[in-house]
Amino acid sequence: MSTPSESPAAMRAAAPLVQCITNFVAMNFQADVLLAAGAAPAMVHDPEEAGEFAAIAPVVSVNIGTLSPRWVEGMLEAALVARKANSPWVLDTVACFATGLRRDATAKLMQVGPSILSGNASEIIAVAGQASAGRGVDAGDTVAAAEEAACKVAKQVGCIVAVTGEVDYVTDGEKAVRISGGSSLMPQVTAMGCSLSALCAAYAAAV
Ligand SMILES: Nc1ncnc2c1ncn2[C@@H]1O[C@H](COP(=O)(O)OP(=O)(O)OP(=O)(O)O)[C@@H](O)[C@H]1O
Ligand SMILES: Cc1ncsc1CCO
């Protein structure tokens, strides 16, 4: 395992293939962010091939931003294959509180047990089964308000939970770190959080 300062070089050296099942809005931007960081993105989502590809890729990044029932099938197939192979997989629960399809998909995906769960404060509060103030893809809660929910989910699932916002809160349920350094311009650009969760996947595969 590399130290945080060694991790970027370790990731570049490994150049991990990252299977991304992500939303239409983020797809291009997220792929470019992964390439810039030194990973090798592949956007592979159809259930006809998602599981097969997950057997080749060392890590899977799942993002529920633009959902359809068929995409959910692909997500579940890929997540199950990754889990069975003991490979990491990351779940970004975009707007998971908003509709029945999203709530149902999130519940099924959480049952597979992601290695890392990433979302804004309202999404993480909703995953913990609490009422959130989110609106669409935007958070209506502070990161601080989601810390308890993040710890609860991390302990229950045995995963890392990252709550994103002005200062990110990352926990395994016992230890936690707060990460600052973002820009107030970042919420004005779409797909920042989506790209971050895919980057987490790349690092999980490589370091
Ligand atoms: N107000 C802010 N000030 C500084 N940095 C921020 C702020 N809001 C977000 N960020 C940065 O943007 C990153 C993504 O966080 P955010 O919560 O906006 O993701 P998101 O809502 O899931 O994004 P998207 O759904 O558009 O992909 C954070 O990790 C943080 O670095
Ligand atoms: C705007 C938007 N709508 C669904 S996914 C997405 C990208 C940011 O979450």
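The tour goes from the whole chain to a ligand and then to a single residue.

This is a predicted model, in which local features need pLDDT of at least 70, side-chain atom pairs count only at pLDDT 80 or more, and totals for chains, interfaces and linings use all residues. Residues are numbered from 1 along each chain as its sequence is written, chains are lettered from A and ligands numbered from 1 in the order in which they are written, and side-chain values use heavy atoms, with hydrogens and water left out.

Select the protein chain, which contains eight helices and eight strands (DSSP runs numbered from the N terminus, H or I of at least four residues for helices and E of at least two for strands). Its C-alpha trace spans about 40 × 40 × 30 Å along the principal axes.

Next, select ligand 2 and the residues around it, namely N23, V25, G65, T66, V94, V137, T190 and C194, where a residue counts if one of its heavy atoms lies within 4 Å. The protein covers 74% of the 280 Å² of accessible area that ligand 2 has on its own (Shrake-Rupley method, 1.4 Å probe).

Finally, select A126, which lies in helix 6, residues 121–127, and is partly exposed at a relative accessible area of 21% (between buried, under 20%, and exposed, over 50%, with a 1.4 Å probe and protein chains only). Leaving aside residues up to four places away in sequence, A126 touches C96, F97 and S132 (heavy atoms within 4.5 Å). For a distance to display, take A126 and Q156, which are 30 residues apart in sequence and 15 Å apart in space, C-alpha to C-alpha.
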